[in-house]
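Have the sequence and the 3D view open as you read.

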Amino acid sequence: MLYYLGGILTELWGPMRLLQSNAVLIALSLYSGFFITVKLLPRFYKFLPSDRGREFTLTKEAAKGKPTGSGVVFISIFVILCFVFAPMDILQMGTLLLTWLMMLTGFLDDRSEKGWGEYIKALLDFVIALAAAALLAWQLTKQSDSGKLEFWLPFVSGSVTVPVWLYIIIAVVLLWTSVNTTNCTDGVDGLSSSLVLLALLVMGIIFYAVLGHVDISEYLLVPHLPSGASWAIMTFCLVGVLMGYLWHNAFPSSVLMGDAGSRALGFYIGMAVMVTGNPLLIFVTSSIIFVDGGLGLLKVALKRFCHISIFENIRFPLHDHVRKNRGWSPTQVLIKFISIQLLITVALLGIFFKIR
């Protein structure tokens, strides 16, 4: 909205052209998201459900009784601010809608007295992920110069054409996995949100400074993304909102994001990665999230459906294992996990963008 308003008001007052500067819009969206969330979130505590304490979670007693499901507040703020600051196309508006729907499924589970069953949530995740994959395939095909879906990958100088059916399968698997691993990582104050914050910062920089920049994308042999700056505005808006939530969630937390927050955050990361055209970037952004939460999902799935037992001596999510078996404090878990993710991110960025 502000972008188009700036174009109108520039004729009346020249400095209003700043509202059409992507850098200015990124800064405005980030700071607005942070300060609005910091100010408004505590006012909703009394309306939020109380945490029931997750079964099998090491910290369930510490979390029990705290207001949870605050994702319904900060994700809604994020969606509203995106419409204010970012010039958007159908794909971006659809992404916001589906992110909000993913948040809503999590919030309804948060407020349910007994919680929804695993299979119901898995089915809802699949339906939303399938809708998102179809939206991605439709819009990216229209936006592509070749009229085809393509991936750019490390060790390959050109683009790789992907059939629609395979693209949809990859997108659904990536989105479903990102949603559920991010949800599983949410168990130590500030951990999931800090890891997601790092992922969003990386994605925002990639959108704005690499894919959205004609000369840099050409130099690095990656496809230019004309809407990269708009995606950067949206991503940095979510960064600001998430920082505002972390202000209240830092150890010891006064509020929890619940499934409403973690599921929506995981979904948005997955969508952002697919939009870049390189699904392998999920390992750049979310390796620790995948290890922390994903191996636990794999352990349960193999035992339940294939009767195969693995990692019998390791407790999952992994942050519970290092706390119980290694004696790490919540702060140690947070700092060490972020440090490892930073090391992985820097290494993989070099490989993905330079070895082409």
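Is Val 156 buried, partly exposed or exposed? With a relative accessible area of 31%, Val 156 is partly exposed; here buried means under 20% relative accessible area, exposed over 50%, and partly exposed in between, with a 1.4 Å probe and protein chains only. Before going further, please keep in mind that this is a predicted model, in which local features need pLDDT of at least 70, side-chain atom pairs count only at pLDDT 80 or more, and totals for chains, interfaces and linings use all residues. Residues are numbered from 1 along each chain as its sequence is written, and side-chain values use heavy atoms, leaving out hydrogens and water.

Val 156 sits in the loop between strand E1 (150-152) and strand E2 (159-161). Helices (H or I, at least four residues) and strands (E, at least two) are DSSP runs, numbered from the N terminus. The C-alpha atom of Val 156 is 5.1 Å from that of Arg 356, although 200 residues separate the two along the chain. The loop between E1 and E2 also holds Phe 155, a residue other than glycine with a positive phi, near 70°. Phe 155 counts as exposed, at 60% relative accessibility.

Now to the rings. The structure holds eleven aromatic pairs: rings of Phe, Tyr and Trp (its six-membered ring) pair if their centres lie within 6.5 Å, and planes under 30 degrees apart count as stacked, over 60 as edge-to-face and the rest as tilted. Phe 207 and Trp 231 are stacked because their ring centres are 5.9 Å apart and their planes meet at 25°. This pair links distant parts of the chain, with Phe 207 in helix H8 (residues 191-211) and Trp 231 in helix H10 (residues 228-249). Both Phe 207 and Trp 231 are buried. Trp 328 and Phe 337, in contrast, pair edge-to-face, at 6.4 Å centre to centre with 75° between the planes. Lys 336 lies over the face of Trp 328, 4.3 Å from the ring centre; the rule asks for NZ of Lys or CZ of Arg within 6 Å of the ring centre and within 35 degrees of the ring normal.

What about the cysteines? A disulfide is a pair of cysteine sulfur atoms within 2.5 Å, and the count by this rule is zero. The closest cysteine sulfur to that of Cys 237 is in Cys 82, at 4.3 Å, so the two are too far apart for a bond. Cys 237 is buried, with a relative accessible area of 1%.
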